[in-house]
Amino acid sequence: MFGSIKSRLGSWGSHFYGGKGTHYRKMLIMILLIASIPGLITGAIIYWFVGGRIENELLQLHKNQIIKRAENIDGQFANMELSMSHGALDTKFDYSLKEVDFFRQFSISRDISKTIVLMQGAMPLAKRLDLYIDGMLPVHFNPEISVTSENTAEWNEFKQLKDNGPNVYWTNVSSLSKNPDDKDLALVHKIPGGTSEPFGLMVARLDHDNVVSLLKTVAPYDEGEAFMMQEDGSILVSTGEKSDASPLIEAVKQEVLSKHFQQTSFLFKWEKNTYSVSAGALERIGDKWIYVSIAPTSAIKRPIVFMSQAIVLVSCVGLLLAAVLAWIASRRIYSPVNQLVRLLSGGKSTQGNEFELIEKHWEHLNRESLELQSKLANQLPQVKEGFLLQLIQGYLTAYSEEDLIDRMNHYGWNTADRQYSVLYIQLIGMTQLDTVGRFSHGDEGLITFAAANMVEELAKERFEDCHVINFHDLTVGLLVSMPRGQAYKTEMYQLSDTLMQTINQILKMQVTITLGKATPCVREIPLLFEESKLALSYRNFGNENQIIDLEALSKMEEQQPFQYPFSLEREIIQSMRMGQEEETDQHIQTFMEALTAGGAKEMDVQQGIMNLLGSLEHAIMQSGMNPNQLFKSSNMFEQLSALKEPEQIRTWFMNKVIRPFITAMENRADFQLKKMIEQAMLYIQANYMSDISLDSCAEHCGTNAFVMSRTFKQVSGKNFIDYLTDLRMEKAKEMLRNSELKINEVSEKVGYQHSYFNRIFKKYEGVTPSQYREMSRKA
């Protein structure tokens with residue numbers, strides 16, 4: 001079959017495109033097959049697999065809907081039973097009604113009528129609610145009161161309903177219609193509720209139309225039917241228009257009764273039709289009703305049939321469309337091939353396979369291209385160097401960024417998402433080489449050439465894309481291209497170290513290397529070289545190897561003042577001296593947070609923690625201990641400098657400094673005396689602004705002034721007055737720097753009179769408080 005299709009398509013293509021090559025006809029047939037076959041396969045799969053699955057899903061969905069709607073019906077009847085029970089148990093309907101004269105006691109009759117109206121409104125399925133009371137006079141409420149004769153058929157039916165059956169039950173009662181043979185399904189509840197001797201009853205007749213409408217919800221299709229029956233098979237209500245059950249309902253009823261299931265679903269065949277039957281039980285008071293839903297499967301499957309027909313139709317249309325698109329696509333696809341063939345053949349018509357002609361011409365052009373590329377490769381280094389010299393000397397400033405990138409791409413540079421950095425290398429020591437006879441003046445070009453070769457060889461080992469510029473004046477430039485965002489400083493420093501060692505060993509000259517910044521912009525490369533060249537003026541004037549980093553140099557120039565937390569340092573030393581390990585740990589953590597706040601640089605943090613270590617060692621020596629013995633001659637500063645994280649630093653201080661010191665202090669015999677002095681220091685720090693004395697401090701610590709004075713000097717290295725004065729001066733300087741308080745206010749806050757404060761402050765600091773504030777703010 002496919003062979004015949006191919007032959008027909010081939011002849012059709014020749015008819016419309018006679019003059020085309022064999023490749024065109026093959027391409028047309030292939031496109032048509034590719035475009036049409038998947039559509040046919042997809043349509044068949046959807047029709048047979050998806051359609052059947054959707055059919056099953058719809059049947060299951062129908063069954064689930066029937067169950068949920070049956071639950072709604074059950075809820076409606078349960079609500080009616082509950083409303084009747086609540087009404088029958090109301091205190092209005094107790095035995096007192098038996099002795100009531102309803103025509104004289106009008107208020108009671110009116111309350112009962114209102115209650116009946118409310119109850120009937122709460123039962124949507126009820127057509128009418130009747131109340132019969134056998135009292136002083138037989139009365140009937142509906143909802144208005146009326147006297148009933150005891151010999152009427154209505155009263156006889158009331159007596160029969162009252163005397164028979166349980167307190168609450170469903171039954172058929174005489175219909176309100178004129179036909180005496182009609183019956184209404186009603187709910188009967190005797191009153192008072194829950195007694196063995198009722199004197200009346202409530203009768204709620206169902207509204208047949210409302211019940212039928214509710215029952216129709218379990219037969220959602222117009223062709224379907226539904227009915228409700230008792231366990232013995234007697235039909236209570238059905239959706240059929242006739243009063244008698246149809247043959248279909250009778251047949252289904254017998255099938256449902258034969259299954260003895262409370263809830264079942266099955267397919268039932270009747271007169272060449274198949275029906276989906278769902279049945280279930282509704283538990284009623286003293287009885288069990290069975291609902292049955294009958295729906296023709298044709299109604300359920302109608303959407304599937306429509307969808308299947310639509311799928312077949314769409315597949316046929318898709319096949320026709322695929323044929324048309326294949327014809328159009330083959331022309332579009334072949335058009336550039338035909339144009340290329342005509343161009344290569346000089347406009348003449350060709351026969352045979354088009355790609356054989358293209359292949360021959362391509363081989364010829366490829367040979368010519370290889371020859372040109374070989375010639376260009378030999379000349380490219382000189383061309384690239386000439387372009388780079390023009391670029392860094394500023395001769396290409398008129399070119400835009402895009403133009404420069406195009407030229408670099410043309411010369412073989414990779415410029416996609418790149419950044420550029422430079423090294424500027426200067427050789428030093430030419431005079432010494434001249435004196436020893438190794439080189440002489442005039443050999444600068446030769447020395448620079450040798451150095452440029454070394455730089456190029458060593459740089460190629462570390463960077464894939466780099467270029468060396470020989471300035472022939474004992475200076476060499478290196479342009480490095482690397483991926484944007486890549487860290488390059490480490491590689492640059494390592495390359496600089498290697499260059500210095502190599503040039504020192506071979507050329508016996510010293511080297512100064514400037515590390516330039518990085519930029520992603522080609523137009524900024526001349527500026528990088530200019531900055532690097534100017535930075536050579538920052539080298540030390542001497543014959544020694546040097547590395548100048550432009551970024552480090554600029555950062556150092558822009559560095560902001562660094563705030564060291566001196567108060568936290570004192571708290572750390574104080575808690576350490578007191579042997580309070582947990583408090584010291586917390587103070588160190590707070591110290592690290594303050595030190596690293598505000599984006600502090602690592603060099604500042606390192607300087608801060610080194611200063612803290614030095615202060616702690618000073619405090620340890622003041623306590624009479626040798627830090628070298630305490631730390632077992634370890635190089636503490638070297639260990640600390642290797643730490644980079646705040647938590648590591650905090651842990652190191654606790655394990656290496658604080659705990660060893662506290663342990664050694666606890667082992668000393670005079671630890672208690674030192675602890676007393678630490679307590680005295682805390683007292684001074686808390687009360688320095690008051691008029692405190694050595695006696696008051698000794699009394700606070702539980703000792704005398706003589707012991708306090710001697711021990712204070714021994715432990716702290718200062719006498720009591722000097723320690724108090726130093727503390728007050730520190731607090732005063734802090735307030736002068738960081739607040740707008742007046743000088744007399746500052747003096748009062750540190751416990752001095754204004755005039756005495758000025759004298760002692762100048763004695764300690766060499767300037768007055770006002771001068772100190774002005775100097776600190778200028779700094």
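Biologist: Which residues make the nonpolar surface patch of about 460 Å²?

Modeller: Leu 320, Leu 321, Val 324, Leu 325 and Ile 328 make that patch. Patches join residues with over 30% relative accessible area and no salt bridge, nonpolar side chains (Val, Leu, Ile, Met, Phe, Trp, Tyr) within 5 Å and like charges within 9 Å. A salt bridge is a side-chain nitrogen of Lys or Arg within 4 Å of a carboxyl oxygen of Asp or Glu. Areas come from the Shrake-Rupley method with a 1.4 Å probe, and for residues only the protein chains shown count as cover. This is a predicted model: local features need pLDDT of at least 70, side-chain atom pairs count only at pLDDT 80 or more, and totals for chains, interfaces and linings use all residues. Residues are numbered from 1 along each chain as its sequence is written, and side-chain values use heavy atoms, leaving out hydrogens and water.

Biologist: Is Thr 415 buried or exposed?

Modeller: Buried means under 20% relative accessible area, exposed over 50%, and partly exposed in between. Thr 415 counts as buried, at 14% relative accessibility, whereas Leu 320 is exposed at 59%.

Biologist: Which residues is Thr 415 in contact with, leaving aside neighbours within four places in sequence?

Modeller: Contact means heavy atoms within 4.5 Å. For Thr 415 the partners are Ile 405, Met 408, Asn 409 and Tyr 420. Along the chain, Pro 483 is 68 residues from Thr 415, yet their C-alpha atoms are separated by 9.1 Å.

Biologist: And Met 80?

Modeller: Again leaving aside neighbours within four places, Met 80 is in contact with residues including Met 123, Trp 170 and Leu 206.

Note on methods. Buried < 20%, exposed > 50% of the residue type's maximum accessible area, 1.4 Å probe, protein only.
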